[in-house]
Amino acid sequence: MALIELRDVTKTYKRDAIEIPVLDRVSIDVPEGEYLGLMGPSGSGKSTLLNLLAGIDRPTRGSIRVGDTETSSLSERALAGWRARNVGFIFQLYNLIPVLTAFENVELPLLLTNLSKTQRRDHVMTALGIVALSDREKHYPRQLSGGQEQRVAIARAIVTDPRLLLADEPTGDLDAKSAGEVLTLLQRLNKEYKKTIVMVTHDPHAAERATRVLHLEKGTLVEQTPAAVGG
Amino acid sequence: MGLIGSYNLRSMIVRKGTAAMTAGGIAMVVAVFVMTLAIAQGFRATLVASGSPQNSIILRKGATAETVSGLLRSDVPLIETLPQVARGADNRPLASPELVVAIALPRQTDNQNANVPVRGVGPKAFQIRDAMTFVEGRQFAPGTREINVGRLAVGRFKGLGLGSDVKFGNATWTIVGIFTADDAAFESELWGDVDLMMPAFQRIGYQSMTVKLADASMFDSFKAAIESDPRLYLKPSREQDYYAEQSQAMTTVIRVFGTFVTLILSIGAVFGAMNTMYAAVAYRTREIGMLRALGFSRFRIVTAFLAESVALALVGGVLGCILALPVHGLSTGTTNFTSFSEVAFKFRITPALLAGGMLFSAVMGAVGGLLPAIRAARIPVARALREI
């Protein structure tokens, strides 16, 4: 059984009286352990698709199942709890809180668990160790490079050990070298730590690292690239 | 403090300019609130301090204050001889028939005449009031035109120094002693021999009588004895209750006025807090979106921002209390509505009043922070994450 199952998902936004279709009857299966790349031009609906997978937006029609949970039917409150347990989100602009240290930023999702302070510390240091930033735990985001900031954001995404990682243009704001490091890290998380990853990207080089790439255009799946390089 | 609390606090420090202005606005309101209520507190404390639990004051039935009361000379021995009345070392009853008349004296501050109470008292008056202490001079000698003056009256009116002569009631009176009375209303008065004052003010009777009871618990039987005597048309009260009642009208006016003024001011402060918190929400929209994406519930976002607003207001509350503190103990005066004469009293800031000020600031913070906090929690996550 696939970890993610989207069936005929349609998303329409309303601006005044006008309905703007963003996704039109999209169906996708993502098996556990897959590293899926989502490509497409701006406005094709790929970020919307990612938001629907993350449960931070709701489909107009269709169903979304992740693991055993039909997320499209969960209440707002239940969805927030589900996100905390099951999804790690990596943003293009890192979204680190500037007034918190790297350690504290990574600790944030653990505040929603019942872990003790010592257990939280262990989890945070493990996550920072995976992204090779253990020595930067006390640094504030402004004291880190863009690549390092994104690695802290990845540590934050994996600190609760979720099955699913969702990345929205994770290299979109990085130079080539840092982007390479981040992509290698994501690949490692997929292979070594068996994380299922769905990554939205514009960048063909980034997409090359995925095990499968889907193309979206005007809200529909237009092409499927079977078994890409995969590194 | 938890990490989220620390996040809110640090974010507040980042925007320290606006945060300081908001806290400053709240501080001003709290300072006004505390100072106004310190007036009411001080006024009430002054009048209540005038009463002793062991004393009873006797007025004519139906009279609400000494100034509108009257006692016949013949009433005095009937009361003095009651067994509940305590006796001094000379075995004479500790009772003082009294007369209160207002005279006009110029104030030290503006030279304008104001009413000052002159109290004619019996020889035992100083023994009945335990708190009376002479700071200068001595007690007036009965049968002479000597008088004593309360220390607060000395500071508030001209010409009341030790040894000065004061003219009233077609006679000249010499000040031979200055007394304190634990800041009680008596400290605003001039005291002399009641038997000389009555003819001076052309009175034929007393206005009240104060007695010390042998024991405070004897009040009920003392009251019953007076009320059951058909010759007496009088009503005894516990002295403390009488003075507390005297302060009621004035403290109510001060409290109502003070609350009204601070409420008006607090509307401004609440808008200030609201503005600051709306700005904080707008500035941190993407962070809020990220927290929601991580799984933080709407409720946690509301409580976090509400706590930030309340914390900011509490900083203002502390500042406001500190601003108000220096007025504690400052002396001022006002006309007592029930006696129509000046009562000097001190601003009195109590721990309960400071706690009230802090609570008031917290309420302002909560009211000002609620709408922005709800707004923060209601921003759609996907849209919040797109904010730059």
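Leaving aside neighbours within four places in sequence, B:Gly163 is in contact with B:Thr174 and B:Ile175. Contact means heavy atoms within 4.5 Å. B:Gly163 sits in the loop between helix 5 (151–156) and strand 6 (165–168) of chain B. Helices (H or I, at least four residues) and strands (E, at least two) are DSSP runs, numbered from the N terminus. From B:Gly163 to B:Ala104 the C-alpha distance is 19 Å, and 59 residues separate the two in sequence.

This is a predicted model, in which local features need pLDDT of at least 70 and side-chain atom pairs count only at pLDDT 80 or more, while totals for chains, interfaces and linings use all residues. Residues are numbered from 1 along each chain as its sequence is written, chains are lettered from A and ligands numbered from 1 in the order in which they are written, and side-chain values use heavy atoms, with hydrogens and water left out.

**A buried threonine in chain B**

B:Thr22 belongs to helix 2 (residues 16–49) of chain B. B:Thr22 is buried, at 7% relative accessible area. Buried means under 20% relative accessible area, exposed means over 50%, and partly exposed lies in between (1.4 Å probe, protein chains only). Neighbours within four places aside, B:Thr22 is in contact with B:Gly272, B:Ala273, B:Thr276 and B:Leu312.

**Chain A as a whole**

Chain A has 7 helices and 10 strands. Its radius of gyration is 17 Å, close to the 17 Å that the globule rule gives for 231 residues, so chain A is as compact as a globular protein of that length. The radius is taken over C-alpha atoms, and the globule rule is 2.2 Å times the number of residues to the power 0.38. Along the principal axes, the C-alpha atoms of chain A fill a box of roughly 50 × 40 × 40 Å. Of the 231 residues in chain A, 55% are buried. Among contacts in chain A with a separation of 6 or more, 68% come from residues 24 or more positions apart.

**The interface of chain B and chain A**

The contact takes 22 residues from chain B and 23 residues from chain A. The size of an interface is often given as the accessible area lost when the parts come together. Here the area buried between chain B and chain A is about 2,200 Å², and carbon and sulfur atoms give 67% of that. Buried area is the accessible area (1.4 Å probe) that two parts lose on being put together, summed over both. On the chain B side, B:Leu3, B:Arg10 and B:Leu294 lose the most area to chain A, together 28% of what that side buries.

Polar pairing also occurs across the interface. The rule finds 6 residue pairs in polar contact between chain B and chain A, both residues at pLDDT 80 or more. A polar contact is a pair of N or O atoms within 3.5 Å; within protein, one must be able to donate a hydrogen and the other to accept it, and residues adjacent in sequence count only if both atoms are side-chain atoms.

Which elements of chain B give two or more residues to the side that touches chain A? They are helix 1 (3–14), helix 9 (285–294), helix 10 (298–324) and helix 12 (381–386). Helix 9 of chain B gives the largest share, 7 residues. By class, this side of chain B has 13 nonpolar, 3 polar and 6 charged residues. Ala, Val, Leu, Ile, Met, Phe, Trp, Tyr, Cys and Pro count as nonpolar, Asp, Glu, Lys and Arg as charged, and the others, Gly among them, as polar.

**Salt bridges**

Side chains of opposite charge can pair when their charged atoms come close. A salt bridge is a side-chain nitrogen of Lys or Arg within 4 Å of a carboxyl oxygen of Asp or Glu. The structure holds 29 salt bridges over all chains. Between chain B and chain A the count is 2. Some of the salt bridges are listed here.

| Residue | Partner | N to O |
|---|---|---|
| A:Glu76 | B:Arg292 | 3.0 Å |
| A:Asp29 | A:Arg7 | 3.0 Å |
| A:Arg25 | A:Asp24 | 3.3 Å |
| B:Asp90 | B:Lys124 | 2.6 Å |

A:Asp29 lies in strand 2 (residues 18–30) of chain A and A:Arg7 in strand 1 (residues 4–15), so the pair ties together parts that are 22 residues apart in sequence. A:Asp29 is partly exposed, at 33% relative accessibility. A:Arg7 is also partly exposed, at 32%. A:Arg25 is exposed, at 57%, whereas A:Asp24 is partly exposed, at 33%.

In chain B, B:Asp90 is partly exposed, at 43%, whereas B:Lys124 is buried, at 11%. Salt bridges that share partners join B:Glu66, B:Glu98, B:Arg119, B:Arg129, B:Glu189 and B:Glu239 into one network.
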